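Thank you all for coming. I would like to take a few minutes to go through one model with you, beginning with the chain as a whole and then turning to a single pair of elements.

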Amino acid sequence: MTPQTFRIIERGNYGAIAQSISAPLHKGECMGTQRTNETARAESPRAAEPDSGKRPELHEPAPAARKHLVSSADVLIGLGFGCYTSWVSMAFHSMGLFATGDGGERVLDTVYLVSIITITAVLFLSAALHVRVGKLIARPEANIVFPVGVTASTLLMPLSSMNDPLGVLAIGASGVLSGVFSGLQLLIFGTTFARLQTRSLVAAVASGQVAASLLFALSLNFPIFEAALFAAIMPCVGALLLHFGMKDKAPDELNDITPLSRQELPDGTDRRTLR
């Protein structure tokens, strides 16, 4: 105790005793609170910044959030697939291209049968020669040559209804050409879909189905010449949309479909690991 406290006790002033004891404690508490507040203001990054009165700026979604959004590239790829699918409906699911002569339905069935047999053979050969075919469809000019081949076969289809040798030749040529080139273009779309992630694949297929239905319904209102031209340009438009859609895709958004190297059994008795 301090000498001042002893003098207060001698005088019997107990209220002054309590005040003299609590004053230093209260003073220390206030100083501690002040130091705590100053430390908090120093550690806060916003405390030193003056209040400008502006609202915080809105930033772009984080990369993790953007992965859950459907991009325009997915829609372009889907529209390209929709154009290709609509060509099948325009060419073989209506009489629009085969109504120039008698027996149009018979001619349509014949061309369709030849095309189906050809595309089946192309797909089986592609499976057997998958390495060579994979290199073929990976070349940039493949996305130009194949759609042009489908377009040429479509322009031959109206000539198939002619009752002369030219009509017979057009039946065979349009059926074979459409089967070969549409099958190869189908492989391009197949490998493209294999590289897409599930979110992008679902968006592309959904938009493609909607586009194919609308394009086919639109083609039913055209006369035969305009319908043939409209159907003929669909494969080229689809290839163009596919090109721009894949061009907009970032490499980290695509799956790696490079085939694995062939594995061989190791020499010796230990065959538990492959090399």
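If we read along the sequence, the protein chain follows the pattern α-α-α-α-α-α-α-α-α-α, that is, 10 helices and 0 strands, and please keep in mind throughout that this is a predicted model. Of the 275 residues in the protein chain, 31% are buried, while the accessible surface comes to about 18200 Å², with 64% of that surface belonging to carbon and sulfur atoms. As for the contacts, if we take those between residues at least 6 apart in sequence, 75% of them join residues at least 24 apart.

Let me now turn to one helix pair. Helix α8, which covers residues 165–195, and helix α10, which covers residues 224–247, have axes that come within 12 Å of each other and cross at roughly 25 degrees. Angles under 35 degrees count as roughly parallel, and α8 and α10 are therefore roughly parallel to each other. The crossing in which α8 passes α10 is left-handed.

Which residues of α8 and α10 meet here? On the α8 side they are Gln185, Ile188, Phe189, Thr192 and Arg195, and on the α10 side they are Pro235, Gly238, Ala239, Leu242 and Met246. Sorted by class, this contact of α8 with α10 has 6 nonpolar residues, together with 3 polar and 1 charged.

To come back to the point about orientation, what I would ask you to look at in the display is the crossing at roughly 25 degrees between α8 and α10, with its left-handed sense.

How values were computed:
Residues are numbered from 1 along each chain as its sequence is written. This is a predicted model: local features need pLDDT of at least 70, side-chain atom pairs count only at pLDDT 80 or more; totals for chains, interfaces and linings use all residues. Side-chain values use heavy atoms; hydrogens and water are left out. Axes are lines fitted to C-alpha atoms, for helices over the stretch in contact, and angles run from 0 to 180 degrees between N-to-C directions. Helices (H or I, at least four residues) and strands (E, at least two) are DSSP runs, numbered from the N terminus. Angles under 35 degrees count as roughly parallel, over 145 as roughly antiparallel, 65 to 115 as roughly perpendicular and the rest as oblique. A crossing is left-handed if the near helix is turned anticlockwise from the far one by less than a right angle, and right-handed if clockwise. Contact means heavy atoms within 4.5 Å. Ala, Val, Leu, Ile, Met, Phe, Trp, Tyr, Cys and Pro count as nonpolar, Asp, Glu, Lys and Arg as charged, and the others, Gly among them, as polar. Buried means under 20% relative accessible area, exposed over 50%, partly exposed in between (1.4 Å probe, protein chains only). Accessible areas come from the Shrake-Rupley method with a 1.4 Å probe; for residues, only the protein chains shown count as cover.
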